[in-house]
Amino acid sequence: MDITDAQWKIIKPLIKEPKPREDGRGRERIDPRSILNGILWILKTGARWQDLPDRYPSYQSCHRRFQEWTRNGTIEKILLALARDLEERGGIDIEESFIDGTFVSAKKRGLKIGKTKRGKGTKIMAMADASGLPIACWIESASPHEVTLVEKTIDHKFTRKTPRRIIGDRAYDSDKLDKQLRKRKIKMIAPHRRGRKKESTQDGRELRRYKRRWKVERLFAWLQNFRRILNRFERYWENYLSFVRLGCIVILLRHF
């Protein structure tokens, strides 16, 4: 999981370190690359911070810097910069996108945790581009239906442009949602639920796109390779969202 030289060359300008104090007091800041490598080890293994190997800085330093980068938006800024750079170079195709949500079991109490038949947990909402790369992600309590989380997920996209076609499964068959998205000039393509009483609202030719919906499922498979995402151990939802965003960063870096 350690950052390569080529990847660090991309990330380094995006991490703004505070200037040293003029009086020379205070400890010297630890190299951010080694800190980031330690955080990525936690992301990949899902281990406790205390179990961080000795080859990385102390777990206290890594944990403090992780919280600092979460609070000051550094992790989010890195993700936005990478996604928009890929978008400008044609590496992200948002002509069509795919949306889905997945349940994550929560091991502690906190905000954005809700009860379901599967137990208490958090829901990760994500959108993938035509190639399956992440272009949006958000987390919410697991209790609300995914239909109610679509617009919020779109609002937290990484790309500058907004997809004009979004493909989802039967859970997204909602006349109310279709109406809301039409105001944003977005077309929702989803097969109708069984037993639907109202007349059909989908064009059969557009529904052919549905066969490519496996791309968003593959995105979740990629994210779940990071064990810190597979289960939520964080009490604070902002920290858990940062781990999800870090997973998206690693996926995007692989395509640079």
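Biologist: In which sense do β1 and strand β5 (residues 165–167) pair, and over how many bridges?
Modeller: In this predicted model, β1 is joined to strand β5, which covers residues 165–167.

Biologist: In which sense does β1 pair with strand β3 (residues 119–128)?
Modeller: Strand β3 spans residues 119–128, and eight bridges connect β1 with it. Within this pairing, D100 has A126 of β3 as its bridge partner. The sense of the pairing between β1 and β3 is antiparallel.

Biologist: Which residue of β7 is the bridge partner of S105?
Modeller: β1 also pairs with β7, in the parallel sense and over two bridges. In β7, the bridge partner of S105 is N231.

Biologist: How many of the 10 residues of strand β1 (residues 97–106) are buried?
Modeller: Strand β1 runs over residues 97–106 and is mostly covered. A106 lies in this strand, and A106 counts as buried because its relative accessibility is 6%, while the limit for buried is under 20%. For strand β1, the number of buried residues is nine of 10.

Biologist: What distance separates the C-alpha atoms of A106 and K120?
Modeller: A106 belongs to strand β1, and K120 is 14 residues away from A106 along the chain. The C-alpha atoms of A106 and K120 are separated by 6.1 Å.

Biologist: Which residue in the turn between β3 and β4 has a positive phi?
Modeller: Seven bridges join β3 to β4, and the two strands run antiparallel. Among the paired residues, A128 has P134 in β4 as its bridge partner. β3 and β4 form a hairpin with five residues between them, and the turn residue with a positive phi, about 95°, is G132.

Biologist: How many of the eight residues of strand β4 (residues 134–141) are buried?
Modeller: Strand β4, residues 134–141, is mostly covered. The number of its residues that are buried is eight of eight.

Biologist: Where is R235, one of the residues of a positive surface patch?
Modeller: The positive surface patch is formed by K108, R109, K115, K120 and R235. R235 is partly exposed, because its relative accessible area is 47%. Its place is in the loop between β7 (231–232) and α9 (237–253).

Biologist: What is the N to O distance in the salt bridge of R65 and E17?
Modeller: A search of the whole structure finds 17 salt bridges, and one of them is formed by the side chains of R65 and E17. The pair links distant parts of the chain, with R65 in helix α3 (residues 59–71) and E17 in the loop between α1 (5–11) and α2 (32–45), 48 residues apart. R65 is buried at a relative accessible area of 6%, whereas E17 is partly exposed at 29%. The N to O distance in this salt bridge is 3.3 Å.

Biologist: How many residues apart in sequence are the parts tied together by R213 and D169?
Modeller: The side chains of R213 and D169 meet in a salt bridge, at 3.9 Å from N to O. R213 lies in the loop between β6 (187–189) and α7 (214–223), and D169 in the loop between β5 and α6 (175–183), so the pair ties together parts whose separation in sequence is 44 residues.

Biologist: Are R213 and D169 buried or exposed?
Modeller: These two residues form a salt bridge with each other. Both R213 and D169 are buried.

Notes
Residues are numbered from 1 along each chain as its sequence is written. This is a predicted model: local features need pLDDT of at least 70, side-chain atom pairs count only at pLDDT 80 or more; totals for chains, interfaces and linings use all residues. Side-chain values use heavy atoms; hydrogens and water are left out. Patches are made of residues with over 30% relative accessible area and no salt bridge: like charges are joined within 9 Å, nonpolar side chains (Val, Leu, Ile, Met, Phe, Trp, Tyr) within 5 Å. Accessible areas come from the Shrake-Rupley method with a 1.4 Å probe; for residues, only the protein chains shown count as cover. A salt bridge is a side-chain nitrogen of Lys or Arg within 4 Å of a carboxyl oxygen of Asp or Glu. Lys and Arg count as positive and Asp and Glu as negative; His and the chain ends are not counted. The place of a charge is taken as NZ of Lys, CZ of Arg, CG of Asp or CD of Glu. Helices (H or I, at least four residues) and strands (E, at least two) are DSSP runs, numbered from the N terminus. Buried means under 20% relative accessible area, exposed over 50%, partly exposed in between (1.4 Å probe, protein chains only). Two strands pair if DSSP finds at least two bridges between them.
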